[in-house]
Protein chains: 2
Amino acid sequence: MANAIRALAMDAVQTANSGHPGMPMGLADVATVLFEDFVHVDPADPSWPDRDRFVLSNGHGSMLLYAVHHLLGYSDMTLDQLKHFRQLGAKTAGHPEYGHALGIETTTGPLGQGITNAVGFALAERMLNARFGDDLVDHYTYAICGDGCLMEGISHEAIDLAGHLKLNKLIVLFDDNGISIDGKTSLSTSTDQVARFKASGWNAVSIDGHDAAAVRKALTEAKRSDKPTMIACRTIIGYGSPKLAGSEKSHGAPLGGDEITATRKALGWTSEAFVLPDEVVSRWRAISTKNAERRAEWEKRHDASPRRAEFDAAVSTALPADFAATMAAYREKLSQEQPKLATRKSSEATLEVINALTELTIGGSADLTHSVFTVTKGMTSVQADNYGGRYIHYGIREHAMAAVMNGLALHGGFIPYGGTFLVFSDYMRGAMRLSALMGLRVIYVLTHDSIGLGEDGPTHQPIEHLAMLRATPNLNVFRPADAIETAEAWEIALETTNRPTVLSLSRQNLPTVRAGDVAENRSRKGAYVLREAQGERAVTLIATGSEVEVALNAAEALKAEGIAAAVVSAPCLDIFAEQDAAYRQQVLGTAPRIAIEAAIGFGWDRWIGDNGRFIGMHGFGASAPAPQLYEKFGITSQAVVAAAKELTGR
Amino acid sequence: MANAIRALAMDAVQTANSGHPGMPMGLADVATVLFEDFVHVDPADPSWPDRDRFVLSNGHGSMLLYAVHHLLGYSDMTLDQLKHFRQLGAKTAGHPEYGHALGIETTTGPLGQGITNAVGFALAERMLNARFGDDLVDHYTYAICGDGCLMEGISHEAIDLAGHLKLNKLIVLFDDNGISIDGKTSLSTSTDQVARFKASGWNAVSIDGHDAAAVRKALTEAKRSDKPTMIACRTIIGYGSPKLAGSEKSHGAPLGGDEITATRKALGWTSEAFVLPDEVVSRWRAISTKNAERRAEWEKRHDASPRRAEFDAAVSTALPADFAATMAAYREKLSQEQPKLATRKSSEATLEVINALTELTIGGSADLTHSVFTVTKGMTSVQADNYGGRYIHYGIREHAMAAVMNGLALHGGFIPYGGTFLVFSDYMRGAMRLSALMGLRVIYVLTHDSIGLGEDGPTHQPIEHLAMLRATPNLNVFRPADAIETAEAWEIALETTNRPTVLSLSRQNLPTVRAGDVAENRSRKGAYVLREAQGERAVTLIATGSEVEVALNAAEALKAEGIAAAVVSAPCLDIFAEQDAAYRQQVLGTAPRIAIEAAIGFGWDRWIGDNGRFIGMHGFGASAPAPQLYEKFGITSQAVVAAAKELTGR
């Protein structure tokens, strides 16, 4: 059974003339035991909510996953797909891509992400179990990872958090082959991984990964542990290849025709490429038959459950029916009250409304709870003795926060949001990109979003981050100007099921700028005319977030000088870019344009055009009280007025 | 002596009404012993090459550093500066900023960076020692860090690497106060830090951080260890404050006037705010007197050393006199040979020239040596038994690679470069930003720079990364088109002492596109007309890197159709943006413009203008052979020709 994985892996890589045969060949014995006796998934229903989750964290070994899925009988993972490994349009992408083929639980490749997603999966399982009990929710999360995953920093964050939360249904199998791309891992590491995991509260053992009985025993014991378990499986990379086994040369390149022939011989595998003996296939398929029975038992319990409808609604993560009406009423309330609040505080107030309305939302922050205002009344901390909590103290671990949120969103049952300072999006870029690539509803609450944070200085002041995030495909970046736009941004973020959202929020207080009727969520078009010019527009001021106030003040000053200025608020340029040309033209107008944003101008030329002006940052910030910084860097209504006069020749 | 630190910290934070008093107050006892008997620095010569390096990794405790520097007698750290803590123009920024005041070895604040810089410092010391011996190079690196630094993933990368390299002159003091911003650290971590460090080959102990004798003993033993040492100092945050000691409330806010009065009383500190008893000051200054003697001894050895000139040249990291001539000759050679090479291979060939010319360069990669081609002939691996090596196997640790390179560059004596795939700049953004903020000569070799990498698919294909890096202030991003531009980019990167450089390099082969005279380094202006139109320009094609070939092919096809197209190669848009308007206008011309780059178009509007076109990516990539991907995403000369015809109305 294991040799079937080896043969498919080496043949597919050879046919593609590209890929990584060494890992699937080395880990085939472990994977066979794992899927034969432990991972309960049913190819007939890949989205069975109580299936075990399997994560291939070292995603370059994708052929292991594809081979196993073919052998288990996933309908879309045909031999033809394996023959077209890494080709255009095939389901067998170079690395496993979520959504490309059935049963792929998460996109992996960037190392360390998978094991951290797995922490999210395992946590989601415990949290959903706390809500619905063992009858409906009782599954394990298995992750395979390599040396690379365990060298990456994010692995520390994942391990530390999982150990703290005692996620005992998380089992990590470490492909301990002693080889990385450059050669022996002893070139760059001396860490005792077993000791390291134990230090973070894990159960950890080291076994021979080619001894099926040892693998079975370790997995059986892991399932009984009251801690998460790491099993270091000592393996030989490229196992079976006479010349390349144990060498980094089998890692990321085809073995070559002659070596494949020699490997077939050494393994006693007589079938031709992509041909599988019937007996082997039937043994693999028997696994799925057994798992289908397990699923049928669960379906019975599910059908009989008095909480079936509630459970199904949770798993679908559908918003409550009265969501839109509640948000509209809340906008109306804000419009009456006209609060002057930092948008981070407006976000908290909005969350009070949302979190009272639905239990799907799971909050958290990277140890900045009372700066980013992500906790609301009655939310208790998720801890090992309180999986029923709704607030995750992620610790000072931004990268893990993002990757765990990806896992929570992928698992189903929850809508995760998490907060830190905008500047620390730097620390979680790797996982944020995967939120976007996978199209997950993960909401990033990123506060202290400009030099407006003041004294903490340039290390804490985001300058290029809005550009970096706006440049990222399939990610909505909102920078709301006031409490109403903040509520609108939250509403859109929650409704957007196929994209992550960033909320870029101010530390400093901002007045309510939205005037007039608030029945409509105007942020839905990304940008809109907040204040039309009186008479023909002489100039259009476009601003976001805290700088909308600056634009409004400038427009008022310009009016006094007889210059008709319109003010456009642009809470989400990503969405605005997706509007039709007519709407964009209507908003932008034909008069000269000035953009105001306390960030780098990179990317703004699209909106201001050849003759426009940008008022914002041109380098890093400084440490001082915020009002002085706005003066120092010239982001003032006076500067806008001066630019408008210059542009309009008055 | 310790209470002087406490008083200055609480008074400065109170005066600023902003800052972090808890850490300096809790760690004052540790810091006093550390500076009194261990850290050998001389305020009279803050850049003494053989000084010990001190890094405050938990940079929010900046008042500890400023207080100590004032007490030791650094000439610029006056009482007046302390009174203007966190104010505009003061040297006492919210977080320690490299270059703002004497003796600040590195910029800290983003957690985990400092301890990783410290690994770079400690490694630089051993490497410089291997070259020049104990007489000239024999110093320690001390770092203080907090819970946050040790929760961040980068700490794992740093610890793993330092343990592996047996950097026994690195001593980390962990402020083990059990408090983070959200409250007790037990909210989010259960890791046994001593066991964790031991698992990675460190010497590690836990002591009472308020027991001076224990601190002294631990530091004395650490200096004798053959491993790096971590001393967990159990402290009480906000020590001395009757109401706030031991609470997160003392972490990031002023204590308040009444509490400061109560704290003074509790500590028996009777002086007014910013007033220091003469006896205390003289005891602190005595430390500097003692250290000045130590430096004088070193100066004697230095003066007497037969290798003095060589050492001074190394420390100044000045390029050899024949650098420019060698690079010019190399360009000439390439011009003769017209190689067709991937720019990652061209980079390797250039490095062969550079690394033979100077020993200042220290190579490395994050376990992708034979993909990014960063090693050259004769470079041996830096290991615990070979500090004389010139190539660092950073392991699968991009973030640490970048932060260690920052440390190597800050230490002096070396010009570090390190390689990984461009997409994994995501993993090291935090440290890359600090390279830029500090203005360090660190060179990032980032290959596989587009969908041109092919089969590895979207997780490995950078799309938004060029935009993200170009948006970063004070960072030069080069994307050379051929071997000659690659050599030019390396030349400029090495010459640029006040800015980091990114070299964005192709996986796929590219022809030599530079024609004619190569005496001048044309990349020095960022962009230039590579091929002028015959006759009046009908259209200008602007491209970078691998797409310059596409532009040239399109220009040739357009010529056949009677459309005169100029081709601009833009290896570095950051530098081009800094040229005068006349030069930029000359290059860009007045004809319609089309930009071609296999990346997101974000940021290109500046160069193509209102009526321009962008041919590139509009979302994530896919897994397939590279030529098929270029077709799929429409980045072809045919697409350029079609756009040019549309623009010119032909």
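In the predicted model, the side chains of A:Asp426 and B:Arg429 form a salt bridge, with an N to O distance of 2.9 Å. This pair crosses between chains: A:Asp426 lies in helix H17 (residues 425-438) of chain A, and B:Arg429 lies in helix H17 (residues 425-438) of chain B. A:Arg429 also takes part in a salt bridge, in this case with B:Glu464, at 2.7 Å from N to O. Across the interface of chain B and chain A, 8 salt bridges are found, and the count over all chains comes to 76 salt bridges.

The interface between the two chains involves 98 residues of chain B in contact with 98 residues of chain A. About 7,900 Å² is buried between chain B and chain A, and carbon and sulfur atoms give 57% of this area. On the side of chain B, B:Tyr427, B:Arg433 and B:Phe602 supply 9% of the area buried against chain A, more than any other three residues. Polar contacts between chain B and chain A amount to 57 residue pairs, with both residues at pLDDT 80 or more. The side of chain B that touches chain A is made up of 34 nonpolar, 41 polar and 23 charged residues.

Chain A contains 25 helices and 20 strands. The radius of gyration of chain A is 27 Å, close to the 26 Å given by the globule rule for 650 residues, so chain A is as compact as a globular protein of that length. Along its principal axes, the C-alpha trace of chain A spans about 90 × 55 × 45 Å.

Chain A is divided into domain 1 (1-78 + 109-299), domain 2 (322-504) and domain 3 (526-648). The centres of domain 1 of chain A and domain 2 of chain A, taken over C-alpha atoms, are separated by 33 Å. In the contact, 26 residues come from domain 1 of chain A and 30 residues from domain 2 of chain A. The area buried between domain 1 of chain A and domain 2 of chain A is about 2,300 Å², with 67% given by carbon and sulfur atoms. Within domain 1 of chain A, the residues that lose the most area to domain 2 of chain A are A:Met127, A:Arg131 and A:Glu157, which together account for 26% of what that side buries.

Between domain 1 of chain A and domain 2 of chain A, the count is 1 salt bridge. A salt bridge is also found between the side chains of A:Arg397 and A:Asp160, at 2.9 Å from N to O. The interface of domain 1 of chain A and domain 2 of chain A has 11 residue pairs in polar contact, both residues being at pLDDT 80 or more. On the side of domain 1 of chain A that touches domain 2 of chain A, helix H5 (113-132) and helix H7 (153-164) of chain A each supply at least two residues. The largest share of that side, 14 residues, comes from H5(A). The residues of the side of domain 1 of chain A that touches domain 2 of chain A comprise 13 nonpolar, 6 polar and 7 charged.

Notes
Residues are numbered from 1 along each chain as its sequence is written. Chains are lettered from A and ligands numbered from 1 in the order in which they are written. This is a predicted model: local features need pLDDT of at least 70, side-chain atom pairs count only at pLDDT 80 or more; totals for chains, interfaces and linings use all residues. Side-chain values use heavy atoms; hydrogens and water are left out. Domain bounds come from an automatic or database domain assignment. Contact means heavy atoms within 4.5 Å. Buried area is the accessible area (1.4 Å probe) that two parts lose on being put together, summed over both. A salt bridge is a side-chain nitrogen of Lys or Arg within 4 Å of a carboxyl oxygen of Asp or Glu. A polar contact is a pair of N or O atoms within 3.5 Å; within protein, one must be able to donate a hydrogen and the other to accept it, and residues adjacent in sequence count only if both atoms are side-chain atoms. Helices (H or I, at least four residues) and strands (E, at least two) are DSSP runs, numbered from the N terminus. Ala, Val, Leu, Ile, Met, Phe, Trp, Tyr, Cys and Pro count as nonpolar, Asp, Glu, Lys and Arg as charged, and the others, Gly among them, as polar. The radius of gyration is taken over C-alpha atoms; the globule rule is 2.2 Å times the number of residues to the power 0.38.
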